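Visitor: I am new to this structure and would like to learn how to read its features. Please take them one at a time.

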Amino acid sequence: KTNNCSHTAYRGFGGPQGMIYIEEILDRVARHLSLAPELVRERNLYHGSGATNTTHYGQELGDNRIPMIWSTLRDEQKLAERRAAIEQWNRQHPYKKRGLAMTPVKFGISFTASFLNQAGALVLIYRDGTVQVNHGGTEMGQGLYTKMKGVAMRELGISAERVRVMKTRTDKVPNTSATAASSGADLNGAAIQVACQALRTRLAEVAATMLAEQGKPTQPETLTFAEDRIGELAFSDVVDQAYLRQVSLSANGFYRTPGLAYDKKKGQGIPFHYFAYGAAITEVEVDGLTGMKRVLRVDILHDVGESLNPNVDRGQIEGAFVQGMGWLTGEELKWSPDGRLLSHSASTYQIPSIGDAPAEFNVTLLKKAAQKGVIHGSKAVGEPPFMLAISVREAIRDAVAAFASEGAKPKEVSLASPATHEAILASIKTLSVVRPVAAP
């Protein structure tokens with residue numbers, strides 16, 4: 001009872017499972033009709049704008065970017081040419097087969113429990129020009145503190161050395177919402193922005209007064225905050241004068257996501273502030289004798305809006321994809337006949353290692369993608385890329401299908417989830433195949 005780590009859902013909890021069902025359906029439709037799965041997926045994307053892009057719960061998508069993301073990734077990565085090359089490779093290799101798959105993601109951002117869509121912040125400026133940032137978000141390795149530091153830097157026009165982000169404490173920022181639903185940067189960043197804007201207004205008035213005293217009358221609203229300066233004055237000098245002139249150098253910020261209205265009983269309304277989009281192409285190789293797989297290449301194009309920190313976002317996408325890949329191909333829960341969980345620790349529960357990561361991993365952030373009404377035009381990136389790993393499972397299914405007897409295209413390829421090596425081998429055995437007893 002004392003040596004077990006906590007167990008909880010992560011990255012989407014429920015959403016990924018629903019998406020797997022739909023991608024399974026689309027693959028079965030495609031194979032039954034002898035069509036490429038990516039073609040069926042493309043035909044079922046949201047297209048157009050306005051009322052033609054309305055979800056089943058009645059929310060319009062607004063800025064629908066998925067068709068553009070899909071076509072851009074498909075064309076730039078030469079999907080058709082790569083599929084033809086794989087088919088040629090497969091004809092020359094009877095014991096190993098390669099597979100290719102492309103899958104999209106559309107993920108709504110906000111807590112569906114509307115009251116959780118709120119955040120607070122407390123920003124303090126000290127007389128030496130340094131800044132302390134307090135907010136309600138939890139850092140769990142996702143880079144939230146780095147992003148929040150960047151928000152304060154941009155809002156106040158100061159360098160990184162001046163900003164210190166404090167550990168989250170409820171005596172500084174009370175009644176915090178969970179850091180979940182991929183909304184940590186959205187909510188807390190906006191609260192920090194509100195606090196910084198209040199401080200900017202006060203400091204601009206002090207700076208305008210200082211300039212007027214120097215014979216340089218200036219309107220406060222025209223002053224820029226950049227490169228540790230307010231207009232032509234040093235940021236630290238203005239702060240010091242603000243203190244001497246008895247101007248408050250601390251401010252609270254509060255933010256609530258606007259425009260949300262969702263009726264859970266009716267299943268109708270606007271539960272999300274916006275949607276994050278992405279697409280992935282995955283190429284795998286499967287050994288027909290053992291069922292073992294290798295992920296050879298992954299290409300991702302993902303919409304993160306105007307990124308708050310491109311390196312953090314890239315790491316989030318890579319990490320989410322590998323995590324999702326592990327969940328779909330190795331992390332199998334096993335119970336004993338009397339109901340005891342057997343795969344209960346790192347020794348029995350297969351999580352992905354560096355050797356499981358794609359041999360070639362290309363991640364591109366969508367350019368010129370600023371999102372209206374969100375902190376600095378950014379978009380959430382924690383959960384959405386996790387579902388792009390479905391492309392790994394679908395690529396494995398594509399490789400398994402290639403083991404069918406020559407000239408036979410199976411109408412259905414049954415593949416368990418997670419698609420472990422044992423499950424892959426079992427799937428191959430269900431096809432009408434000519435399999436060798438041993439490798440030549």
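Visitor: What should I know before starting?

Guide: This is a predicted model, where local features need pLDDT of at least 70, side-chain atom pairs count only at pLDDT 80 or more, and totals for chains, interfaces and linings use all residues. Residues are numbered from 1 along each chain as its sequence is written, and side-chain values use heavy atoms, with hydrogens and water left out.

Visitor: How do I read a sheet, and which order do the four strands of the open sheet take?

Guide: Strands of a sheet pair through backbone hydrogen bonds, either parallel or antiparallel. Strands (E, at least two residues) and helices (H or I, at least four) are DSSP runs, numbered from the N terminus, and two strands pair if DSSP finds at least two bridges between them. Here four strands form an open sheet in the order β4-β3-β2-β8, with mixed pairing. Its edge strands, β4 (163-165) and β8 (250-256), each pair on one side only. From one strand to the next the twist averages 20°, with axes being lines fitted to C-alpha atoms, for helices over the stretch in contact, and angles running from 0 to 180 degrees between N-to-C directions.

Visitor: Which helix packs on that sheet?

Guide: Helix α6 (residues 184-213) does, touching β2 (118-125), β3 and β8; contact means heavy atoms within 4.5 Å. The direction of α6 makes about 140° with that of β8.

Visitor: How do β3 and β4 pair?

Guide: Strand β3 (residues 131-135) pairs with β4 in the parallel sense, over three bridges. Val133 has Val165 in β4 as its bridge partner.

Visitor: Where does Tyr145 lie, and what does Tyr145 touch?

Guide: Tyr145 belongs to helix α5 (residues 144-156). Leaving aside residues up to four places away in sequence, Tyr145 touches His135, Gly137, Glu139, Val165, Met166, Lys167 and Thr168.

Visitor: What is the antiparallel case?

Guide: An open sheet of three strands, in the order β5-β6-β7, has antiparallel pairing. β5 (225-226) and β7 (233-234) are its edge strands. Strand β6 (residues 229-230) is joined to β7 by two bridges, and Ile230 has Leu233 in β7 as its bridge partner.

Visitor: How do I read a crossover, and what is the hand of the one from β12 to β13?

Guide: A crossover is right-handed if, with the strands pointing away from the viewer, the path from the first strand over the helix to the second runs clockwise. Strand β12 (residues 293-302) and strand β13 (residues 360-365) run parallel, joined by six bridges. The chain passes from β12 through helix α8 (residues 310-329) to β13, and this β-α-β crossover is right-handed.

Visitor: How many cavities are there of 30 Å³ or more?

Guide: On a 1 Å grid over the protein atoms alone, a cavity is a set of points where a 1.4 Å probe fits but cannot get out, and lining residues have an atom within 4 Å of a point. Grid points are joined across faces, edges and corners, and a volume is the space filled by probe spheres set on the points. The count here is two. The largest has a volume of about 60 Å³, and α6 gives the largest share of its lining, three residues. The second largest cavity holds about 40 Å³, and its lining residues include Asp27, Arg31 and Glu394.

Definitions and conventions. On a 1 Å grid over the protein atoms alone, a cavity is a set of points where a 1.4 Å probe fits but cannot get out, and a pocket is an open set with protein on both sides within 12 Å along at least five of seven lines; lining residues have an atom within 4 Å of a point.
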